[in-house]
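Biologist: Could we go through this structure together, step by step? I would like to understand how it is put together.

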Amino acid sequence: MRGSRGDYVTFCVAGIATALAYLWLPDVALLIVGATVTVLAAAALIVGARRGREWRQQQALTRELWVAARRIPPGHVLTDPGTGDLLSVERERGWLTLVVAVPQAPARNGGP
């Protein structure tokens, strides 16, 4: 499974494994943390399953954009081969910003 649903299933399994670790290490904190993670992940899985197809497509496209943005070195500017626009991707604290700049034609003075 890919995407958020796969993440939620992984958290459910991790929560169950943590709760089952209580059988080997009888610490109440393991049981509480395991049960809490399992319940929260199951609730998130249910909410994620109820979302529409468009939301999942948007999430997949956003994930692909993040993967592509990680490959571009910070501060590097790319040139769009079709339009000649300058493209830059800025990443900061969970935000992804695509900057498109249209280069100006060089100014021509009256003489050489």
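**A walk through the model**

Modeller: Ala19 touches Leu30, Leu31, Gly34 and Ala35, leaving aside residues up to four places away in sequence; a contact means heavy atoms within 4.5 Å. This is a predicted model, in which local features need pLDDT of at least 70, side-chain atom pairs count only at pLDDT 80 or more, and totals for chains, interfaces and linings use all residues. Residues are numbered from 1 along each chain as its sequence is written, and side-chain values use heavy atoms, with hydrogens and water left out.

Biologist: Where is Ala19 found?

Modeller: Ala19 belongs to helix H1, which covers residues 3-20. Helices (H or I, at least four residues) and strands (E, at least two) are DSSP runs, numbered from the N terminus.

Biologist: What about Ala44, where is its place?

Modeller: Ala44 sits in helix H2, residues 28-50. With 24% relative accessibility, Ala44 counts as partly exposed. The scale is as follows: buried means under 20% relative accessible area, exposed over 50%, and partly exposed in between (1.4 Å probe, protein chains only).

Biologist: Let us step back. How many helices and strands are in the protein?

Modeller: The protein has three helices and three strands. Along the sequence they follow the pattern α-α-α-β-β-β. The radius of gyration is 24 Å, well over the 13 Å that the globule rule gives for 112 residues, so the protein is more spread out than a compact globule. That radius is taken over C-alpha atoms, and the rule is 2.2 Å times the number of residues to the power 0.38.

Biologist: What does the C-alpha trace span along its principal axes?

Modeller: The trace spans about 85 × 30 × 15 Å. Buried residues make up 12% of the 112 residues. Among contacts between residues at least 6 apart in sequence, 29% join residues at least 24 apart.

Biologist: Now the strands. What order do they have in the sheet?

Modeller: The three strands form an open sheet in the order S1-S2-S3, with antiparallel pairing. Strand S1 (78-79) and S3 stand at the edges with a single partner strand each, so one side of each is left without a neighbour in the sheet. Two strands are said to pair if DSSP finds at least two bridges between them.

Biologist: How many bridges join S2 to S3?

Modeller: Seven bridges join these antiparallel strands. By contrast, S1 and strand S2 (residues 86-92) pair over two bridges. In that pairing, Thr79 has Leu86 in S2 as its bridge partner.

Biologist: What lies between the strands?

Modeller: S2 and S3 form a hairpin with two residues between them, and Arg93 in the turn has a positive phi of about 50°. S1 and S2 form a hairpin too, with six residues between them, and Gly84 in that turn has a positive phi of about 85°.

Biologist: Is Ser88 buried or exposed?

Modeller: Ser88 is buried, as its relative accessible area is 11%. Ser88 is part of strand S2 and stands opposite Val99 in S3. Leaving aside residues up to four places away in sequence, Ser88 touches His76, Thr97, Leu98 and Val99. Thr97 in S3, in turn, stands opposite Glu90.

Biologist: One last topic: which residues line the largest cavity?

Modeller: Leu65, Val89, Leu96, Thr97 and Leu98 line it. Strand S3 (residues 95-101) gives the most to this lining, with three residues. On a 1 Å grid over the protein atoms alone, a cavity is a set of points where a 1.4 Å probe fits but cannot get out, and lining residues have an atom within 4 Å of a point.

Biologist: How much space lies in the largest cavity?

Modeller: About 30 Å³ lies in the largest cavity, where volume is the space filled by probe spheres set on the points, and grid points are joined across faces, edges and corners.

Technical notes. 1 Å grid on protein atoms, 1.4 Å probe; cavity = no way out; pocket = protein on both sides within 12 Å on 5 of 7 lines; lining within 4 Å.
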